[in-house]
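Subject: Structure handover

Hello,

Here is the structure we talked about. Please have it open while you read; my notes follow below.

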Amino acid sequence: AIVFLSFLKSIVFRCSLYYNMQRIISQEKAGNGMCKDKIVIETRSADETFALGKKIGEMAVPGGIYTLRGDLGVGKTVLTQGVAAGLGITEAISSPTFTILQIYEEGKIPFYHFDVYRIGDIEEMEEIGYDDYFFGKGICLIEWADLIQEILPEKRIGITIEKDLEKGFDYRRITIEGAKKEQMDILNVLPADKRQEKEGML
């Protein structure tokens with residue numbers, strides 16, 4: 001009975017999150033009255049995606065929150081490895097899927113890598129003391145962050161990676177939202193013909 005109730009609770013939690021995610025997506029499409037900078041960067045190889053991540057890591061400051069969205073196999077790990085390299089981390093970076101959180105402290109600032117894909121209840125985040133990391137001295141990169149939307153800080157940078165097989169197997173469209181204007185120099189990591197900058201309503 002306890003196992004069944006736990007399973008049922010997990011299903012209800014995920015259904016609620018799915019509804020909230022669809023509502024958020026609808027708001028983004030319709031426009032929610034907030035004007036933010038949106039950068040759209042096109043990469044055509046894993047090396048370019050890694051280089052973009054590295055630039056993000058180099059410009060990172062303590063307290064930064066980065067959410068990472070994208071389907072399985074789209075290149076989230078490659079971008080994350082680049083971020084770690086930009087922070088000066090040489091340790092091998094892999095997805096923390098089965099542990100929710102991996103901590104790397106050898107770089108210029110701590111790097112907290114979350115993967116909440118298999119989270120069953122928001123209480124699991126509370127159990128690991130997520131606020132110590134969200135508001136700590138390092139930066140957080142959170143994969144599948146839509147699953148914990150309700151506890152995410154308002155000030156964060158969102159990164160979305162998408163494929164387009166019509167443009168090539170290794171093509172990626174990477175959208176970065178919420179970055180400060182002085183952080184726009186991340187565009188310099190790629191040739192001008194592989195990037196575009198947009199400002200508009202989310």
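Start with Ile159, whose bridge partner in S7 is Ile176. That bridge belongs to the pairing of S6 and S7, which is antiparallel and runs over six bridges. Strand S7 covers residues 172–177, and five of its six residues are buried, so the rest of the structure largely encloses it. Keep in mind that this is a predicted model.

The overall layout

The chain has five helices and eight strands. From the N terminus on, the order of elements is α-β-α-β-α-β-β-α-α-β-β-β-β. There are 202 residues in the chain, and 44% of them count as buried. The exposed surface comes to about 11,000 Å², with carbon and sulfur atoms supplying 53% of it. Take the contacts between residues at least 6 apart in sequence: 69% of them join residues at least 24 apart.

Helix H3

Which residues of H3 are buried? They are Lys76, Leu79, Thr80, Gly82, Val83, Ala84 and Gly86. What do these buried residues pack against? Their partners are helix H2 (46–59), strand S2 (65–69), S4, S5 and S6. Gly88 follows H3 and has a positive phi, near 90 degrees.

The aromatic residues

The structure holds six aromatic pairs. I looked at two of them.

One is Phe114 with Tyr133. The ring centres are 6.2 Å apart and the planes stand at 75 degrees, so this pair is edge-to-face; the cut-off for that label is over 60 degrees. The two residues come from distant parts of the chain, 19 residues apart. Phe114 sits in strand S4 (residues 111–115), Tyr133 in helix H5 (residues 130–134). Both Phe114 and Tyr133 are buried.

The other is Tyr130 with Phe134. Here the centres lie 5.1 Å apart and the planes are at 70 degrees, so this pair is edge-to-face too. Tyr130 and Phe134 are both in helix H5, four residues apart, which means about one helical turn separates them. Tyr130 is buried, and Phe134 is buried as well.

Together with Tyr112 they make up one aromatic cluster: Tyr112, Phe114, Tyr130, Tyr133 and Phe134.

Backbone points to check

Most residues other than glycine have a negative phi. Two residues here deserve a look on that account.

Ile100 is not a glycine, yet its phi is positive, about 70 degrees. Where is Ile100 found? It lies in the loop between helix H3 (76–86) and strand S3 (101–104). Is Ile100 buried or partly exposed? Its relative accessibility is 14%, so Ile100 counts as buried, the limit being under 20%.

Trp144 also has a positive phi, near 60 degrees, and is a residue other than glycine. Its place is in the loop between strand S5 (139–143) and strand S6 (157–163). With 22% relative accessibility, Trp144 counts as partly exposed.

That is what I have for now.

Best wishes

Technical notes: Residues numbered from 1 in each chain as written. Predicted model: local features only at pLDDT ≥ 70, side-chain atom pairs only at ≥ 80, totals over all residues. Heavy atoms only, no water. Phe/Tyr/Trp six-rings, centres within 6.5 Å; stacked < 30°, edge-to-face > 60°. Buried < 20%, exposed > 50% of the residue type's maximum accessible area, 1.4 Å probe, protein only. Contact = heavy atoms within 4.5 Å. Pairing = 2+ DSSP bridges. Areas by Shrake-Rupley, 256 points an atom, 1.4 Å probe, with all protein chains shown as cover.
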